[in-house]
Amino acid sequence: MLLQAAHFYDYDGDGDLDLYVSSGGSEYQPNHKAYQDRLYKNDGKGNFTKTNALPKIDQSTASVISLDYDGDGDLDLFVGGRLIPGNYGHKPKSYLLRNDQSKYKDVSESQSELFDQLGMITDIKSSDINSDGKEEIIVAGEWMPILVLAYDKKGLHDVTSDFGLDKRSGWWNTVEIADVDGDGDQDIIGGNLGHNIKYKASESEPFTLYVDDFDNNGTNDVYLGYYQDGVCYPVRGRQCSSQQMPFISEKYESYSDFGLASIDKILDDKVSSSTNILKADLFASTVFINEGGRFSTKELPSEAQISPVYGIAVDDFDKDGNTDIFLAGNMYNREVETVRSDAGKGYMVTLDNTGKFKVVSTTKTGISADKDVRAIELIKGSGTNLMAIANNNAPMQFYSY
């Protein structure tokens, strides 16, 4: 079982921080009890005891935020569904948990049908991005735009298009909110796959995913496609494709015939109304600049695209009055055909007064985030501040500033 997210907040209003832990992964069957999230109560002395305050949560989850969505003075929870084990590409359920006197109730269905439609969520933040006095919910995930959700008396609504963010889909790993350009409103920073990989994506030629039981054997088939000269071809070759779906070797007896075939011809009559087709047209880690409630897209410089970004930290690190962004990532656990992404060292990026990004190298920052980075957090104290970098299968790193 993987611990996907740990969120400290005061769930019972007693002045100390309690701990919510989301349970993720894909090693168990869907709806397994091992996917139950957990809530631990703090006794005020740093001792945590597991509570029975949560309802049944049987999805693989990976992100959570606390917010008072109903305005009653206590903290409710928005929990993001990560994936359906064995059914990658299908949308898991996400949850809205209402705090009723320190006991949580799942009110997802009564608040919005969106909770079954949001997608494979990797990160959630909340911020007042349109300066209306109410916080919006910003949601990142795979094969989807960065979503913006808003509440009113009728429930939760998808207002992504109102902010101009509905056009670009990516493999978003993490999202951060900050005033990057110093104009007083909140911008959005999205950590994406990057450009240093064989997969490419653009608005005219998106990277594409077809999901269905194409060979009718009772299991989920995931088939990736890339575009070349306006035609979508399979990422996997004839041998790998046939191992997954045996009808392909029968349909294409030679490698040359298969090599000339588009995905439309390969899948042909296998695609139906039940087929889930997902597209990503932006792999660049990106800053979305807030221009009075509408966002423009500004891709980060090439140095920040050298690896996937899983951790983002924002502060004025050098105390020059400008917002600095530190990004780091890598991905060691790749399939055999795709070498691991391990070129990232971590980069500091600042948007200068001319609207151009300035990159500070690791030799100047002194930070070497060269491992399989999964998260970055800042710990601020009365004197020295710390940057904590969490690495997969390696010790954490701490830097003071």
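Strands here are DSSP runs of E at least two residues long, and helices are runs of H or I with at least four residues; both are numbered from the N terminus. The model is predicted, so local features need pLDDT of at least 70 and side-chain atom pairs count only at pLDDT 80 or more, while totals for chains, interfaces and linings use all residues. Residues are numbered from 1 along each chain as its sequence is written, and side-chain values use heavy atoms, with hydrogens and water left out.

**Stop 1: a loop residue.** Select Asn-393, in the loop that runs between β27 (386–391) and β28 (397–400). Its phi is near 55 degrees, a positive value in a residue that is not glycine. Asn-393 is exposed, at 78% relative accessibility; exposed means over 50% relative accessible area, buried under 20%, and partly exposed in between, with a 1.4 Å probe and protein chains only.

**Stop 2: the loop between β22 and β23.** Next select Lys-319, in the loop between these two strands. Lys-319 also is not a glycine, yet has a positive phi of about 60 degrees. With a relative accessible area of 60%, Lys-319 is exposed.

Show the backbone nitrogens here. A polar atom of the Asp-316 side chain lies 3.0 Å from the backbone nitrogen of Lys-319 and 2.8 Å from that of Gly-321. Leaving aside residues up to four places away in sequence, Asp-316 touches Gly-321, Asn-322 and Asp-324, where contact means heavy atoms within 4.5 Å.

**Stop 3: a sheet.** Select β14, β15, β20 and β21, which form an open sheet of four strands in the order β14-β15-β20-β21, with antiparallel pairing. β14 (174–178) and β21 (295–299) are at the edges with a single partner strand each, so one side of each has no neighbour in the sheet. Two strands pair if DSSP finds at least two bridges between them. β14 and β15 (residues 187–191) pair in the antiparallel sense over five bridges. To find this pairing, select Ala-178, which stands opposite Asp-187 in β15.

Note on methods: A polar contact is a pair of N or O atoms within 3.5 Å; within protein, one must be able to donate a hydrogen and the other to accept it, and residues adjacent in sequence count only if both atoms are side-chain atoms.
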